[in-house]
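Dear colleague,

My findings follow directly after it, and I would be grateful if you would read them with the model open.

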Amino acid sequence: PLSPLPGRRPPLPLSAYLLTRMAAPDEEFRVKSLTWHGRDTYMLMQGDNGPCPLLALCNVLLLRNSIALPRPGAPNVAQSELTALLAEYMLESNPVTEASPPDLAANLTDAMALFPKLGRGLDVNVRFDAVDGLEYSEDLLIFDLLRVRLLHGWLVDPQDTATAAAVGSRSYNQLVERIIEIQSLTQANAAAEPDAPPPPPPEAAAPYPGADPFPAADPIP
């Protein structure tokens, strides 16, 4: 029932659908006014460990003038308002028609199911050799449908040749698996080594120089 039909919107109001799927409380974010390329617009401010994906997508689209805040001039905006705003724009910019790609409707449905994660964080598997080095996953579907390029700053210093050679083009998950593999091999090799022989017993010390350290037992009277 959530798959948009050609030329139609989902039967359930989108904002109501998203609110029922959101696990986090409806947080509010401060709005900052600014001028961008001669145009007055807004920027959303992050709180303590706020939802980075949601705010980043909204800020990019605000700077592009692709979306507008529901209450211009208000000092704060609710997370539910931003989520519904992004979802509405995603559907409007990807209309499902007879000429659409055959998987567009399914992609939109899958992306809508991912919207609650925007408030908690997405799972991305980065590569450390390029700013756009990302292993594609379902969580990146929203960025594709919104036509926003996702970049990261986790790069290996090329001057650190040893680390750069060890990391190479491996992803984060591949490096974690490699570390676990090396640790397992190290532990297995340590367990396979024979135990060292016990140290020899210490030599008995004489009570005084020249004395027999092992005197004969006194005869029984």
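Two residues are said to be in contact when heavy atoms of theirs lie within 4.5 Å. On that basis, 61% of the contacts in the protein with a separation of 6 or more are accounted for by residues 24 or more positions apart. Please note that this is a predicted model.

As to the overall layout, the protein has seven helices and five strands. Read from the N terminus on, its elements follow the order α-β-β-α-β-α-α-β-β-α-α-α. The chain comprises 221 residues, of which 31% count as buried.

I looked in particular at helix 2, which covers residues 52-63. With 12 residues at 1.5 Å each, helix 2 should span 16 Å, and this agrees with its end C-alpha atoms, which are 16 Å apart. Pro53, Leu54, Leu55, Leu57, Cys58, Asn59, Leu61 and Leu62 of helix 2 are buried. The partners against which these buried residues pack are strand 1 (28-36), strand 2 (39-44), helix 3 and helix 5 (141-146). Just after helix 2, Asn65 adopts a positive phi of about 65 degrees.

The crossing of helix 2 and helix 3 is left-handed. On the side of helix 2, the contact is made by Leu54, Leu55, Leu57, Cys58 and Leu61, and on the side of helix 3 by Gln79, Leu82, Thr83, Leu86 and Tyr89. Sorted by class, the residues of this contact between helix 2 and helix 3 are eight nonpolar and two polar, with no charged residues.

Is Leu104 buried or exposed? Its relative accessible area is 10%, and buried means under 20%, so Leu104 is buried. Leaving aside neighbours within four places in sequence, Leu104 is in contact with Asn94, Pro95, Val96 and Leu145. Asn94 lies 10 residues from Leu104 along the chain, and the C-alpha atoms of Leu104 and Asn94 are separated by 7.9 Å.

With kind regards

Notes:
Residues are numbered from 1 along each chain as its sequence is written. This is a predicted model: local features need pLDDT of at least 70, side-chain atom pairs count only at pLDDT 80 or more; totals for chains, interfaces and linings use all residues. Side-chain values use heavy atoms; hydrogens and water are left out. Axes are lines fitted to C-alpha atoms, for helices over the stretch in contact, and angles run from 0 to 180 degrees between N-to-C directions. Helices (H or I, at least four residues) and strands (E, at least two) are DSSP runs, numbered from the N terminus. A crossing is left-handed if the near helix is turned anticlockwise from the far one by less than a right angle, and right-handed if clockwise. Ala, Val, Leu, Ile, Met, Phe, Trp, Tyr, Cys and Pro count as nonpolar, Asp, Glu, Lys and Arg as charged, and the others, Gly among them, as polar. The expected span of a helix is 1.5 Å times one less than its number of residues. Buried means under 20% relative accessible area, exposed over 50%, partly exposed in between (1.4 Å probe, protein chains only).
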